[in-house]
Amino acid sequence: MSGAEAVAGAEVTLLRQYRPLFTARPTWRYAFVTGGRGSGKSFHTALALLNLTYEPGHVILFTRFTMVAADVSIIPEFREKMDRLGVADDFEITAREIVNRKTGSRILFRGIQTSSGNQTARLKSIQGVTTWVLDEAEELVDERTFETIDLSIRHKELPNRVILVLNPASTEHFLHRMFVETRRPDTLYVHTTWHDNRVNLSQSFMDRAAQTEQTAPERYRRIFLGEWGTDTGGLLWTRADLDRARLAVGPTAWHRVMVAIDPVVTAKTTSDETGILVVAVDKERRGYVLEDLSGRYSPNDWASVALTAARKYNAAIVAETNQGGDMVTAVIKSLGDRAHGVRIVDVRASRGKLARAEPIYSLYQEGRVFHVGPFPALEAQMLQFNPDAAGQSPDRVDALVWGLSALMLTPARPFVV
């Protein structure tokens with residue numbers, strides 16, 4: 001098939017644009033891999049990394065800005081590739097590593113930002129790293145963090161690779177200035193869209209993409225074509241609003257904490273994410289965003305992530321009753337003893353997205369809501385928030401609104417699972 005190459009002995013079709021990722025001795029240090037939803041960038045990167053482990057001596061550091069339970073959020077995607085290729089027996093899998101039994105080469109899964117703080121110092125001290133992968137690279141907004149880890153990739157014998165995988169975000173992002181404004185000779189550039197990857201996509205996904213192109217062309221360009229945009233702000237929040245709300249460190253004690261969920265039912269690579277935010281209020285009724293645990297999860301997995309956060313913070317779980325709250329309760333209850341005693345708060349939507357979000361925006365304007373640390377994915381959604389755009393599903397913003405509304409605007413109505 002034109003533009004693709006079948007992998008021998010496996011039901012996998014490689015797009016020609018990604019073939020340089022499989023080069024044993026690359027002439028590039030950086031691979032800048034961009035594309036929109038359904039473009040195949042994550043799929044091909046995972047295949048390239050598994051392929052690289054068959055060469056001895058490699059330590060591959062796979063990072064995201066935040067990585068919630070790698071065995072839930074990312075390792076299953078690698079396991080699925082192994083199964084499709086028929087090579088699962090070649091690998092030993094733990095909660096945070098994949099080891100190739102034939103060569104000893106490893107893939108380590110780590111988050112840059114965790115609940116205990118920035119892990120850059122620990123990451124740069126890992127011995128023998130030959131390849132650093134920064135997945136969802138648009139979420140990293142600190143150039144110094146990037147440079148610190150980048151400069152630690154300096155293996156003497158094996159080629160050094162830094163692979164950046166991202167949905168292009170704002171042209172104000174440091175990666176745009178570093179790699180896009182002037183193309184670099186030390187960089188491999190790969191950009192694909194869902195059009196390139198049709199051979200691997202379902203008809204329902206392609207229909208959805210075509211519909212979005214007709215009804216919401218700006219969203220289509222950003223989400224499906226992976227084009228760079230501008231940080232001009234949406235109908236409510238601006239960059240200045242979010243910069244004013246940022247705190248490096250929050251209070252040490254909370255009056256109430258909630259884990260807010262905006263769930264999806266499926267967990268395919270083409271699915272929307274499940275929004276999961278941990279939000280809190282202090283005794284003065286100021287609000288705080290503590291963690292963004294959002295991601296593409298199966299129902300059991302997002303329930304597990306939410307329960308872990310609820311236990312950690314002694315928090316309730318909040319979800320909208322008429323848009324998934326009943327499902328949230330049912331899925332959490334299905335986890336049995338793990339869910340025992342967890343409080344559920346149901347909220348009911350009686351107004352549209354903009355009407356629900358405006359009171360939360362007003363709290364930001366009044367200086368009553370703060371972000372404890374950077375939340376680039378959430379803030380990108382806040383800046384692009386436009387409830388009138390057809391097909392928009394701002395999962396993180398929805399979770400933010402549900403959580404802060406339950407804590408700061410409405411009386412709580414908890415019940416125990």
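**Exercise 1. Which residue is the bridge partner of Glu 320 in β18?**

*Before you start.* This is a predicted model, in which local features need pLDDT of at least 70, side-chain atom pairs count only at pLDDT 80 or more, and totals for chains, interfaces and linings use all residues. Residues are numbered from 1 along each chain as its sequence is written, and side-chain values use heavy atoms, with hydrogens and water left out.

*Solution.* 
- Step 1. Helices (H or I, at least four residues) and strands (E, at least two) are DSSP runs, numbered from the N terminus. Two strands pair if DSSP finds at least two bridges between them.
- Step 2. β17 and β18 pair in the parallel sense over four bridges.
- Step 3. Within β18, Val 347 is the bridge partner of Glu 320.
- Step 4. Now turn to the pairing with β14: β14 and β17 run parallel over three bridges, and Met 258 stands opposite Ala 316 of β17.

**Exercise 2. Work out why β17 counts as largely enclosed.**

*Solution.* 
- Step 1. Recall the cut-offs: buried means under 20% relative accessible area, exposed over 50%, and partly exposed in between (1.4 Å probe, protein chains only).
- Step 2. Take one face: Ala 316, Val 318 and Glu 320 are buried.
- Step 3. For background, 54% of the 417 residues of the protein count as buried.

**Exercise 3. Locate the largest cavity and sort its lining by residue class.**

*Solution.* 
- Step 1. On a 1 Å grid over the protein atoms alone, a cavity is a set of points where a 1.4 Å probe fits but cannot get out, and lining residues have an atom within 4 Å of a point. A volume is the space filled by probe spheres set on the points, which are joined across faces, edges and corners.
- Step 2. There is one cavity of 30 Å³ or more, and the largest has a volume of about 30 Å³.
- Step 3. Its lining consists of Lys 353, Arg 356, Ala 357, Phe 385, Val 397, Asp 398 and Val 401. α12 and α14 each supply at least two of the lining residues.
- Step 4. The lining divides into four nonpolar, no polar and three charged residues.

**Exercise 4. Lys 156 and Arg 222: is each buried or exposed?**

*Solution.* 
- Step 1. Lys 156 lies in the loop between α5 (143-151) and β11 (161-166). Its relative accessibility is 78%, so Lys 156 counts as exposed.
- Step 2. Arg 222 sits in helix α8 (residues 217-224). At 13% relative accessibility, Arg 222 counts as buried.
- Step 3. Not counting residues up to four places away in sequence, Arg 222 touches several residues, among them Pro 168, Trp 228 and Gln 384.

Technical notes:
On a 1 Å grid over the protein atoms alone, a cavity is a set of points where a 1.4 Å probe fits but cannot get out, and a pocket is an open set with protein on both sides within 12 Å along at least five of seven lines; lining residues have an atom within 4 Å of a point. Ala, Val, Leu, Ile, Met, Phe, Trp, Tyr, Cys and Pro count as nonpolar, Asp, Glu, Lys and Arg as charged, and the others, Gly among them, as polar. Contact means heavy atoms within 4.5 Å.
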